[in-house]
Amino acid sequence: MKKIFLLLLFSAFASQAQLQTITPTVSPNPFERNQQITITVQGSQINEATWGVTGNALYLWAWMQDANGNYIADCPTNGTWTASSEANRLTYNSGNDTYTITFVPQTFYNNTVFGRMGFLVKAKDGTNKQTNDNIFNVGAFQMSLVSPVENSFTILSASTNASIVASNTGGAASYVLKANGVTISGPTSTTFFTAGPLVSQNTVFTVECTQGATTIVKKFTYLFNPGTISQALPSGVADDGITYNSGDATKATLVLDAPNKDFVYVAGSFNNWFPTAAYAMKKDPTTGKFWLELTGLTSGQIYTYQYWVCKTTPTITNSPKVVKTADPYSTLVLSPFDDPYIPATKYPNLPAYPTGQEKEVTVLQTGQTPYNWTVTNFTKPAKENLVIYEVLVRDFDADRSYQSLIDRMDYFKNLKVNAIELMPVMEYEGNEGWGYNPSFHLAADKFYGPANKLKEFVDLCHQNGIAVVLDVALNHAFGRNPMVRMWMVDADGDGFGDPSSENPYFNTVATHSYGVGNDFNHSSARTKYYTKRVIKQWIQEFKIDGLRWDLTKGFTQNCTGSDACTNSYQQDRVDVLKEYADYSWSLDPTHYTIFEHLGVDSEEQQWANYRIAETPSKGVMLWGKMTDQYNQLTMGYNSSNDISRMSSSSRGFTNKRLVGYAESHDEERLMYKNVTFGSTVNAAHNVTNLNTALSRMSALGAVTLLVPGPKMIWGFGDLGNDESIFTCNNGTINTASDATSGDCRLDTKIQNQWTSNWLGNTNRSQIYNDWAKMIDLKKNNSVFSANSSITSGTTLQPKIYIWDDTLPTTTLKNVVVLSNFDVTAQNVVPNFPYTGTWYDLMTNTPISVSNASAPINIAAGQYKIYGNQPAALASNEFEMVSNLKLSPNPTSGLFTISGQVAKVQVYSITGQMVKSFENISSDNYPFDINDLSKGVYLVKAIDMNNNSKTLKLIKQ
């Protein structure tokens, strides 16, 4: 059932679809919902080896329809597409080479009212490993259409008499024939029904057959070809999609580019979902685009619509005559597959999907009130100083919404990051995925909340000096995408299929070796137009500061099936991606364009150095994956740990355009590997010990974040996130090597960071606080945008030298970063560039350097950051208001703090935190320490900006 399962991991780069065809049997047949049945599939019809299946591990993926073929719901024991439930595993019978499964339908589906049973067979992970769909009627009483075919479209050029033939089981039944909802024949009692009404206009016929308490409805449609209605597009209307009339809220014009189609009707709530001749779209003689002006609309009212895109005589086998589809340029779509599972708390007043329709529909609303932006002239942080926080909205907080990000804005502010990158939020198939299976690139996915909530989040980020970057998957689109469906091969007749050779947007086969979904042809002018509209939508409508382009290796037409070709320099994708960057900068000269290319330096240089000398400086930023090397360091292994390619210059980039990172959404979490595979050679510093592993992560920040140029943090790496990427919904871990169970990579993760209060954990919050200081250093001291040199080769003591010779010696112009990722203390030779007074920049403590090469002892897993001058904003304790006071002091049990504080921590005189207070609701909040022993304590007060002040308190 191609419409609902596509939640793939695209960095894993799925191969082309491997659809196998089966003809299963159901015994007995017919059957009732409360009757035990057995489904049988011949083993000879499935080549398990093609799918990599071992142990005969095949599974049933099942769903329900009503008696009229409308989708109701999936079987509750399906599991996920990438990890089918064992409850749905088929039994293999070696004696007769068959697969079987036996159940009672109403128990299996947990439903007593469905009229049809649908299923396919798949591998445990069904990614491109499935059979065709199979549909069986439920119930002994059945009615079938002999002519025309159920749900068919008959295209007419002149009036004709319809030939309608229907039959039923179980003896005589009552038949009623309706045309466009109006009864024209019946009721007639018979077992064999015939009729031949005259058809002179577009008509939806329904045949209703009733026996006892059961009524079955079949429908089919006659459409008239209106011919070409040639008329120029109205003045001021140029873009595909909806153009609202700025001077008249009762009007809107729809434009659809549908080459090689004969005619198009518009069906919607404004014409009761059946178009008369008045809703046949006109065709512009210059552009060839179809268009229709809607009139008589009510300002502010929500309407929904689809296009009925028609080809009288398809030339491609299994290409449908009529495709009902939403608008490719929809900014809000309603889905019968996903919307029922969106909580009202996330998306209040979500428009209802129209009853009786199928597939996605587009929302149209004139007279909308535009979002009232608070910040209209946001100045983006310089590319060179970016520290990007990558986050998956779904896994950030248990509410899984834009509101969650809004509510926790202080988390980002206190960490000092100046950019947040959201994994894809364009409308994708399903709800709880990663978003790399998009179907409508111009629409914000509704599972996270309304579009205005996303705008509110962007606005709030801008209020706090934080830029917003969106991850966008424009290499491909999935099966619900209208531009796929309008030109598809629908082999099983379910309304979904692969692009046909007529498709003007998509390749029939991926032209690179990382084929995912349906592969866009970016040499096509229409694909370029669509892509630029996507760019424009997010820059102008949502004020997005940058786009991170997923899988840019796929933007070539040269490399079908060849890894070597795909991974080598390709001039066509260099050119087309430059064109997209040019368009982005034409809309916003300071726009961040970021490519996930992970390719050869010679190709990445073409983008990184592109238009770099302009003002403002351009140049595309490139993802720089350094996960393996840095993880070797954090695990304590002295091999394959060369981090010298963390700098832009190491890649041949003229300026700082490498978004270097040790972690992203795609890799196993560093901390999980630390505690699972870390060095155990020193029992006193065993890296597999959680707290020991956490203690090494501050050093990771020192040798990543401080390297000049943009850097990226993966969500909650700053708190030592040790939850495996392969953690399943139920909390278990299935590794990628466990092929029979699926790797759970895409499963929703547990929000341990909040439920377990990681911020309140001293070992975890130490990473957060240290990284915040390092980011502050990077943002507020210009030397960190200058030159750097990183120790090359294998070493557990990498050093980084940062300098700016244009600065005076009275300012911070030289920085030396030392580290020790060994599991024992080491004497590290600093090689200071000169002697004199240097400062530990994390504390601004001065040290006297008389010998630049005198070794400095650094504990296992620790680091040092030295500068020739004190650094701005780099002290252990930031200044707070001078009148901050504790009272009473001494106290016998309660104390208050004057001024606003966000968090208060109480420490023993030996430095152990003994109490922590958060969610402080008011000034002079009473802090209760009645449970503490008498003595002297240190009270650390922290404000909303993570500034802190420590005061002494006596408990009597």
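Leaving out neighbours within four places in sequence, Trp538 is in contact (heavy atoms within 4.5 Å) with Met426, His441, Leu442, Ala443, Ala444, Leu454, Leu470, Lys543, Ile544 and Leu547. The model is predicted, so local features need pLDDT of at least 70 and side-chain atom pairs count only at pLDDT 80 or more, while totals for chains, interfaces and linings use all residues. Residues are numbered from 1 along each chain as its sequence is written, and side-chain values use heavy atoms, with hydrogens and water left out.

Trp538 is also one of the residues that touch the most other members of the largest nonpolar core, together with Val207, Phe412, Leu422, Leu454, Phe457 and Ile865. This core has 183 residues. Helix H16 (residues 762-780) gives the most to this core, with seven residues. A nonpolar core is a set of buried Ala, Val, Leu, Ile, Met, Phe, Trp, Tyr and Cys residues joined through side-chain atoms within 4.5 Å; buried means under 20% relative accessible area, exposed over 50%, and partly exposed in between, with a 1.4 Å probe and protein chains only. Another core, of 30 residues, lies apart from the largest one, and Ile22, Val53, Leu90 and Phe119 are among its members. In soluble globular proteins, nonpolar side chains tend to be buried together.

## The second largest pocket

The second largest pocket has a volume of about 1,400 Å³. Of its 48 lining residues, Tyr244, Thr331, Gln368, Lys455 and Glu541 are the closest to its centre. Pockets and cavities are found on a 1 Å grid over the protein atoms alone: a cavity is a set of points where a 1.4 Å probe fits but cannot get out, a pocket is an open set with protein on both sides within 12 Å along at least five of seven lines, and lining residues have an atom within 4 Å of a point. Grid points are joined across faces, edges and corners, and a volume is the space filled by probe spheres set on the points.

Two or more lining residues of this pocket come from each of strand E23 (241-244), strand E31 (361-364), strand E35 (438-444), helix H5 (451-463) and helix H7 (525-541). H7 supplies the largest share, five residues. Helices (H or I, at least four residues) and strands (E, at least two) are DSSP runs, numbered from the N terminus. By class, the lining of the second largest pocket divides into 20 nonpolar, 17 polar and eleven charged residues. Here Ala, Val, Leu, Ile, Met, Phe, Trp, Tyr, Cys and Pro count as nonpolar, Asp, Glu, Lys and Arg as charged, and the others, Gly among them, as polar.

## Cavities

There are four cavities of 30 Å³ or more. The largest cavity holds about 200 Å³ of space. It is lined by 19 residues, of which Asp395, Trp714, Gly715, Asn721 and Lys749 are the closest to its centre. Strand E32 (387-391) and helix H2 (393-396) are the elements that give two or more residues to this lining. The lining of the largest cavity has eight nonpolar, six polar and five charged residues.

The second largest cavity has a volume of about 90 Å³. Its lining consists of Ala662, Glu663, Leu700, Gly701, Thr704, Leu705, Met712, Ile713, Trp714, Gly717 and Trp771. By class, seven are nonpolar, three polar and one charged.

## Backbone geometry

Two cis peptide bonds can be described. One joins Ser147 and Pro148, with omega about -10 degrees; Pro148 is in the loop between strand E13 (143-147) and strand E14 (153-156). The other runs from Asn889 to Pro890, with omega near 10 degrees, and Pro890 is in the loop between strand E54 (886-887) and strand E55 (894-897).

Trp273 is not a glycine but has a positive phi of about 65 degrees. Trp273 sits in the loop between strand E25 (263-268) and strand E26 (282-283) and counts as buried at 11% relative accessibility. Leu551, also not a glycine, has a positive phi of about 50 degrees. The loop that holds Leu551 lies between strand E41 (546-549) and helix H8 (563-566), and Leu551 is buried, with a relative accessible area of 3%.

## Surroundings of Thr190

Thr190 is in strand E18 (residues 182-190). Not counting residues up to four places away in sequence, Thr190 touches Asn168, Ala172, Ala173 and Tyr175. A polar atom of the Thr190 side chain lies 3.1 Å from the backbone nitrogen of Phe192.

Conventions:
A polar contact is a pair of N or O atoms within 3.5 Å; within protein, one must be able to donate a hydrogen and the other to accept it, and residues adjacent in sequence count only if both atoms are side-chain atoms.
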